[in-house]
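Come along and keep the view open as you read.

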Amino acid sequence: MKIFQTAVGMLGTNCYLLVSGNEAAIVDPGASGDRVITFADKICGEQVKVKYVLLTHGHFDHIGAVAEVKAYYGAALCIHEEDADRLVDPDKYDRYFARVKPIEGGADRLLKDGDTISLGDENIDVIHLPGHTPGGVAYRCGDILITGDTLFHGDIGRTDLAGGDQKLLMKSLAKLARLEGDYVIYPGHEEGSTLNEERAYNLYMREAVRRGL
């Protein structure tokens with residue numbers, strides 16, 4: 001799996017392009033749809049088809065360009081079932097932030113923990129990580145782990161917005177810590193990390209493990 005990254009929007013959301021064989025997926029096109037499309041087209045060319053738009057969760061800064069990107073590529077839109085309503089009524093949760101137009105028809109596929117998404121020659125595993133939002137997920141493929149706003153380099157996502165739950169987020173951190181092996185972490189904002197580094201130095205993850213969550 002090859003992964004490419006660009007930052008979009010006023011909050012610097014990390015938008016990722018996953019490429020395997022002749023298929024690709026765009027993760028969290030949060031803003032600037034024209035920029036995301038230009039970014040993806042330059043990498044994919046005519047040989048690689050954008051098959052999916054994958055969302056780590058339903059906050060406005062991760063879904064802002066979904067409608068434009070989905071329409072351009074005819075890609076299938078995927079989000080965890082617990083965050084699906086944020087696509088059709090985004091202002092219900094994010095009314096105090098940037099306004100996002102509802103996405104007509106909502107998601108094409110509702111995800112659950114343990115689901116597998118086939119992309120090119122590889123599979124992407126869905127790991128449900130509630131806490132930042134009820135339907136937050138990570139996407140895992142090979143040694144790649146896209147964590148959205150659940151786990152950052154040395155930090156975690158906020159839980160003071162609608163649907164946030166600190167206790168659930170701590171359990172999600174413990175769930176990530178229990179994964180076998182090491183992974184390169186691609187978070188929803190700012191720089192990346194590795195799972196081993198976060199196990200060793202992230203105070204929130206260490207506390208979640210210490211408590212046996």
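Predicted model: local features only at pLDDT ≥ 70, side-chain atom pairs only at ≥ 80, totals over all residues.

Entry 1: I began with Cys 78, which counts as buried at 0% relative accessibility. Then I looked up Cys 15: it is buried too, with a relative accessible area of 0%.

How many disulfides does the structure hold? I found zero. For a reader new to the term, a disulfide is a covalent bond between the sulfur atoms of two cysteines. Cys 78 is in no disulfide, and its nearest cysteine sulfur, in Cys 141, is 14 Å away. For Cys 15, the closest cysteine sulfur belongs to Cys 44 and sits 11 Å off, which is too far for a bond.

**Entry 2: the core.** Next I turned to the largest nonpolar core, which has 29 residues. In soluble globular proteins, nonpolar side chains tend to be buried together. Which members touch the most others? My list reads Leu 17, Ile 26, Leu 55, Val 69 and Tyr 73.

I then asked which elements supply this core. At least two residues each come from β2 (13–20), β3 (23–27), α1 (33–44), β4 (49–54), α2 (60–63), α3 (66–73) and β5 (76–80). Helix α1 gives the most, with five residues.

Leaving out residues up to four places away in sequence, Leu 55 touches, among others, Asp 28, Pro 29, His 62, Ile 63 and Val 66. Further along the chain, its contacts include Leu 77, Cys 78, Ile 79, Leu 87, Val 137 and Tyr 139.

**Entry 3: helix α3.** Which residues of α3 are buried? I noted Val 66, Val 69, Lys 70 and Tyr 73. Looking down the axis of α3, I see these buried residues fall within an arc of 95 degrees, so they line one face of the helix. They pack against β3, α1, β4, α2 and β5. Just after α3 comes Gly 74, with a positive phi of about 65 degrees.

**Entry 4: a loop residue with a positive phi.** I went to the loop between β3 and α1, where Asp 28 has its place. Most residues other than glycine have a negative phi. Asp 28, though, has a positive phi, near 55 degrees. Is Asp 28 buried or exposed? At 2% relative accessibility, Asp 28 counts as buried.

I found another positive phi at Glu 190, near 65 degrees. Glu 190 lies in the loop between β13 and β14. Glu 190 is exposed, with a relative accessible area of 63%.

**Entry 5: the six-stranded sheet.** I traced an open sheet of six strands in the order β7-β8-β9-β10-β13-β14, with mixed pairing. Where are the edges? The edge strands are β7 and β14 (193–194), each pairing on one side only.

I walked across from the β7 side. Strands β7 (residues 116–119) and β8 (residues 122–128) run antiparallel and are joined by four bridges. One partner pair to look for is Ile 117 with Ile 124 in β8. The hairpin of β7 and β8 has two residues between the strands, and there Gly 120 takes a positive phi near 60 degrees.

On to β9 (residues 137–141): four bridges join this strand to β8, and the two run antiparallel.

Strand β10 (residues 144–148) pairs with β13 (residues 184–187) in the parallel sense, over four bridges. In this pairing, Leu 145 has Ile 185 of β13 as its bridge partner.

**Entry 6: two side chains.** Thr 159 has its place in the loop between β12 (155–156) and α6 (166–177). Its side chain makes a polar contact with the side chain of Gln 166, at 2.9 Å. Setting aside neighbours within four places in sequence, I found Thr 159 in contact with Gly 131, Gly 164, Asp 165, Gln 166 and Leu 169.

My last stop was helix α8 (residues 203–210), whose N-terminal end is capped by Asn 202. A side-chain oxygen of Asn 202 lies 3.0 Å from the backbone nitrogen of Tyr 204. Just after α8, Gly 212 takes a positive phi of about 65 degrees.

Key:
Residues numbered from 1 in each chain as written. Heavy atoms only, no water. Core = buried A, V, L, I, M, F, W, Y, C linked by side-chain atoms within 4.5 Å. Buried < 20%, exposed > 50% of the residue type's maximum accessible area, 1.4 Å probe, protein only. Contact = heavy atoms within 4.5 Å. Arc of directions from axis to C-beta. Pairing = 2+ DSSP bridges. Disulfide = S-S within 2.5 Å. Polar contact = N/O pair within 3.5 Å; in protein donor to acceptor, adjacent residues only side chain to side chain.
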